[in-house]
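Student: I have a structure to go through. Can we take it step by step?

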Amino acid sequence: MSIAKNYLNEEEIKLLGLLVEQFLAFAESMAQQHTPMYMTDWINRLDSILQLNGRELLTHAGKISHEKALKKSEGEFEKYRITQKLIEKEENLKEIEQDIKNLKKITKSKYQK
């Protein structure tokens, strides 16, 4: 089993936030007016908000197959894993270097007495 995630950049997150605000403002308006809303109503309203914002509605399963998405996510995770290992090695080396410096200081001060 694998889980693939889409990561949005800062601009995309801001735009998504604005869409969510619009949808929530509409929902609050309907609640204050005591207007009953059914799931199909919410879907239609969301589609309208998206279209008003110039967004394309997804009416199909997308362009990327599940298999391709899994391959992509596995490849990206492998790159991440390798990078993390390199960072860990560098941190370990820095720690060892610091330990050596500390030992030299201790040894030097011990023999100077």
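This is a predicted model: local features need pLDDT of at least 70, side-chain atom pairs count only at pLDDT 80 or more; totals for chains, interfaces and linings use all residues.

Student: OK. What does the side chain of Ser-73 reach?

Tutor: The backbone oxygen of Leu-70, at 2.9 Å.

Student: Where is Ser-73, and in which helix?

Tutor: Ser-73 sits in helix α3. That helix covers residues 66–112.

Student: Is Ser-73 buried or exposed?

Tutor: Buried. Its relative accessibility is 18%, and the buried class is under 20%.

Student: Let's do charges. How many salt bridges does a search of the whole structure find?

Tutor: Four. Take Glu-76 to start with. Glu-76 forms a salt bridge with Lys-72, and their closest N and O atoms are 3.2 Å apart.

Student: How many residues apart are Glu-76 and Lys-72?

Tutor: Four, with both in helix α3. That spacing is about one turn of the helix.

Student: Which side chain does Lys-79 meet in a salt bridge?

Tutor: The side chain of Glu-76, at 3.2 Å from N to O. Lys-79 and Glu-76 are separated by about one helical turn, because they are three residues apart in helix α3.

Student: And how accessible are Lys-72, Glu-76 and Lys-79?

Tutor: Lys-72 is exposed, at 53% relative accessibility. Lys-79 is exposed too, at 52%. Glu-76 is partly exposed, with a relative accessible area of 34%.

Student: Next one. What do Arg-81 and Glu-78 form?

Tutor: Their side chains meet in a salt bridge, 2.5 Å from N to O. Arg-81 is partly exposed at 31% relative accessibility. Glu-78 is partly exposed as well, at 33%. Arg-81 and Glu-78 are three residues apart in helix α3, so about one helical turn separates them.

Student: Now the surface. Which residues gather in the patch of negative charge?

Tutor: Glu-88, Glu-90, Glu-91, Glu-95 and Asp-99. Of these, Glu-91 lies in helix α3.

Student: And what makes the nonpolar surface patch?

Tutor: Leu-8, Ile-13, Leu-16, Val-20 and Leu-24. The patch is about 440 Å².

Student: Where does Val-20 sit?

Tutor: In helix α1, which runs over residues 10–32. Val-20 has a relative accessible area of 40%, so it counts as partly exposed.

Student: Where is His-34, and is it buried or exposed?

Tutor: His-34 lies in the loop between α1 and α2. Helix α2 covers 39–52. His-34 is exposed, with a relative accessible area of 71%.

Student: Which helix holds Trp-42?

Tutor: Helix α2. Trp-42 is partly exposed, at 22% relative accessibility.

Student: How far is Trp-42 from Ile-64?

Tutor: Their C-alpha atoms are separated by 27 Å. Along the chain, Trp-42 and Ile-64 are 22 residues apart.

Student: Last one. What about Tyr-111?

Tutor: Tyr-111 is in helix α3. Tyr-111 is exposed, with a relative accessible area of 67%.

Student: How far apart are Tyr-111 and Leu-15?

Tutor: 65 Å in space, C-alpha to C-alpha. In sequence, Tyr-111 and Leu-15 are 96 residues apart.

Conventions
Residues are numbered from 1 along each chain as its sequence is written. Side-chain values use heavy atoms; hydrogens and water are left out. Patches are made of residues with over 30% relative accessible area and no salt bridge: like charges are joined within 9 Å, nonpolar side chains (Val, Leu, Ile, Met, Phe, Trp, Tyr) within 5 Å. Accessible areas come from the Shrake-Rupley method with a 1.4 Å probe; for residues, only the protein chains shown count as cover. Lys and Arg count as positive and Asp and Glu as negative; His and the chain ends are not counted. The place of a charge is taken as NZ of Lys, CZ of Arg, CG of Asp or CD of Glu. Helices (H or I, at least four residues) and strands (E, at least two) are DSSP runs, numbered from the N terminus. Buried means under 20% relative accessible area, exposed over 50%, partly exposed in between (1.4 Å probe, protein chains only). A polar contact is a pair of N or O atoms within 3.5 Å; within protein, one must be able to donate a hydrogen and the other to accept it, and residues adjacent in sequence count only if both atoms are side-chain atoms.
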